[in-house]
Amino acid sequence: MNKLIEIRNLTKYYGKHRGVLDVSFQVEEGDVFGFLGPNGAGKSTIIRSMLGLIQFQEGSINILGKDIRKHREQILSDIGYMPSETMFYSSMKVKELIKMAADVRERDCQTEARKLCERLQVDVNKKICDLSLGNRKKVGIICAMQHKPKLFVFDEPTSGLDPLMQTEFFKLIQEYVNEGATCLLSTHVLSEIKGYCKNVAIMKEGRLQCMDTVANLTRTSAKRVQFVQDGKQESYIYRGNLRELLKELSGYDIQDILIEEPSLDEIFLHFYQEKQREASYENNI
């Protein structure tokens, strides 16, 4: 597979403050790539660097085989980007804004825009100032998709969308990917990563913690153990041999017990806690 995005040793500081440190990862053509991390992890800094919106101090970014520092305009012509917070001219009608977005790219996107408006149930005759947060999100999605780019970059795209529209959004993404597009999806919603992404990069405190397939990251021997003892409920994540667990629990007066697969949230939380413990241990050596 061709590498659509190649980021190598990316480092960005805001004055003395850390942005991202020595980040390297690749996104293959045709992937729906998950970009995961808490607020302040550096995801938006990387996305803005990819789009040439901010300058970085060290490293390189190649998109569609071109260096963002040398070929920004060419690269951006094949990208559909939607930031986490979209700002529009409030007095414009939806149809005027969508047409303006197409005109800026010097493309006729009427057919695709009509399809997207229908699928996302957008009233094109309303003014932007009269739209709810969810409907403004839909307009941002249409502006990012209507020119059928080779790469979609979405930053928290589904916040504000109702569940039906979230499902429709991901159906659209998959349709475009089936036609040859690639998608970078930055999100806090773990179920979206598990449900729609093949690969994922996890950021924390400006550093890349890991990059792997979603299948590998969620394949775990860990179990969530819940039990009631002396009228009190206990719950924890157990990693180890189940026989040893049962031996350990046999010494307690347990009235009820449930052993099950941990949720995706618990897996990633456990992952973060492991990284914190490792970092603390290394700093104390």
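Student: Is Glu 106 buried or exposed?

Tutor: The model is predicted: local features need pLDDT of at least 70, side-chain atom pairs count only at pLDDT 80 or more, and totals for chains, interfaces and linings use all residues. Residues are numbered from 1 along each chain as its sequence is written, and side-chain values use heavy atoms, leaving out hydrogens and water. On the scale used here, buried means under 20% relative accessible area, exposed over 50%, and partly exposed in between, with a 1.4 Å probe and protein chains only. Because its relative accessible area is 75%, Glu 106 counts as exposed.

Student: How far is the C-alpha atom of Tyr 252 from that of Asp 230?

Tutor: Tyr 252 sits in the loop between helix 9 (242-249) and strand 13 (254-260), and it is partly exposed at a relative accessible area of 43%. Asp 230 is 22 residues away along the chain, and the separation of the two C-alpha atoms is 9.5 Å.

Student: How much space lies in the largest pocket?

Tutor: On a 1 Å grid over the protein atoms alone, a pocket is an open set of points with protein on both sides within 12 Å along at least five of seven lines, whereas a cavity is a set where a 1.4 Å probe fits but cannot get out; lining residues have an atom within 4 Å of a point. Grid points are joined across faces, edges and corners, and a volume is the space filled by probe spheres set on the points. For the largest pocket, that volume is about 680 Å³.

Student: Which element gives the largest share of the lining of the largest pocket?

Tutor: The lining has 22 residues, and those closest to the centre of the pocket are Tyr 81, Ala 101, Val 104, Arg 105 and Cys 143. Two or more lining residues come from each of helix 2 (72-76), strand 6 (79-82), helix 3 and helix 5 (133-145). The largest share, four residues, comes from helix 3.

Student: How many lining residues of the largest pocket are nonpolar?

Tutor: Ala, Val, Leu, Ile, Met, Phe, Trp, Tyr, Cys and Pro count as nonpolar, Asp, Glu, Lys and Arg as charged, and the others, Gly among them, as polar. By these classes the lining has three polar and three charged residues, while the number of nonpolar ones is 16.

Student: Which helix gives the most to the lining of the second largest pocket?

Tutor: About 280 Å³ of space lies in the second largest pocket, which is lined by 14 residues, the closest to its centre being Lys 95, Ile 98, Lys 99, Gln 110 and Ala 113. Helix 3 and helix 4 are the elements that each give two or more residues to this lining. By class, the lining has six nonpolar, two polar and six charged residues. The most, five residues, comes from helix 3.

Student: Which residues form a network of salt bridges together with Glu 168?

Tutor: A salt bridge is a side-chain nitrogen of Lys or Arg within 4 Å of a carboxyl oxygen of Asp or Glu, and by this rule the count is nine. One of them joins Arg 119 and Glu 175 at 2.9 Å, N to O, a pair 56 residues apart that links helix 4 to helix 6 (residues 163-178). Arg 119 is partly exposed at 23%, as is Glu 175 at 33%. The network links Glu 168 with Arg 119 and Glu 175.
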